[in-house]
Amino acid sequence: MPAIKAPKVFTPGAGLTFKKSGGGGPGGEKIEHRVGVQAPARVVWQVLADLDAWPEWNPLYTKVEGKLAIGGTLVLTVQLPDEAPETIRPVVTDWTPDSLIHWKLSLAGGLVRSVRYLEIDELAEASCIFANGEIMGGLLGRYVAKRMGRKMYRGFAAMGEALKVRAEAQWRAESGNPTSAS
């Protein structure tokens with residue numbers, strides 16, 4: 001005779017599991033702009049790492065305070081298209097010369113968390129790709145990404161194109177080599 005199993009008792013949350021995103025990276029909505037730059041990665045890095053000069057060329061971040069240091073806080077004034085300027089205080093999580101800057105930001109009491117990345121991928125000695133994006137997570141991250149995604153993308157594109165112009169002009173002046181603007 002088969003054994004009789006005890007009836008299952010319902011408990012709130014029983015069997016409820018949350019799946020973690022694979023790969024160990026941050027999960028969430030990704031917004032990204034990429035642009036090819038006809039200048040060496042080191043020249044793009046010179047433009048990117050000079051935070052004090054960002055207000056001269058960067059339409060997305062119109063004011064910058066702070067230094068690149070892991071764990072350091074930056075104070076940035078963000079100007080998204082058709083939005084009022086906003087001051088944010090992200091924490092630098094990583095930076096590697098000629099390669100990348102990453103920072104994280106938590107808003108609305110942690111309901112929105114983001115990882116911002118500025119990355120340079122060298123293609124050849126005098127060309128690279130500049131990737132400029134953000135991964136939005138947290139309980140309200142998807143909502144904010146859906147609501148603000150187009151404006152964020154336009155802001156990232158404006159920054160990427162402005163960085164391209166500045167880096168290529170700097171490379172042209174430094175080397176006399178032609179770039180995509182020549």
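The paragraphs below describe the sheets of a predicted model and the helices packed against one of them.

Because this is a predicted model, local features are given only at pLDDT of at least 70 and side-chain atom pairs only at pLDDT 80 or more, while totals for chains, interfaces and linings use all residues. Residues are numbered from 1 along each chain as its sequence is written, and side-chain values use heavy atoms, with hydrogens and water left out. The mean pLDDT (the predictor's confidence in each residue, from 0 to 100) of the protein is 87, and 82% of its residues reach 70 or more. Over residues 10–25, however, pLDDT stays under 50, and there the model has 2 contacts beyond four places in sequence, a contact meaning heavy atoms within 4.5 Å. Where pLDDT is low, the predicted coordinates should not be read in detail.

Helices (H or I, at least four residues) and strands (E, at least two) are DSSP runs, numbered from the N terminus, and two strands pair if DSSP finds at least two bridges between them.

Strand 6 is in turn joined to strand 7 by 8 antiparallel bridges, Ile 101 having Leu 118 in strand 7 as its bridge partner. This hairpin has 4 residues between its strands, and Ala 108 in the turn has a positive phi of about 55°. Strand 7 (residues 112–124) then pairs with strand 8 (residues 127–137) over 11 bridges, also in the antiparallel sense, in a hairpin with 2 residues between the strands. Within this pairing, Arg 113 stands opposite Gly 137 in strand 8, and Ser 114 stands opposite Met 136.

The axes of helix 1 (residues 41–49) and helix 3 (residues 141–175) come within 9 Å and cross at roughly 120°. That angle makes helix 1 oblique to helix 3, given that angles under 35 degrees count as roughly parallel, over 145 as roughly antiparallel, 65 to 115 as roughly perpendicular and the rest as oblique. Residues of helix 1 including Val 43, Val 47 and Leu 48 meet residues of helix 3, among them Leu 163, Ala 167 and Trp 171.

A further open sheet has 3 strands in the order 2-3-4, with antiparallel pairing. Strand 2 (61–65) and strand 4 (86–88) stand at its edges, each with a single partner strand, so one side of each is left without a neighbour in the sheet. The twist here averages 20° from one strand to the next. Strand 2 is joined to strand 3 (residues 75–78) by 4 antiparallel bridges, and the bridge partner of Lys 63 in strand 3 is Thr 77.

Terms used:
Axes are lines fitted to C-alpha atoms, for helices over the stretch in contact, and angles run from 0 to 180 degrees between N-to-C directions.
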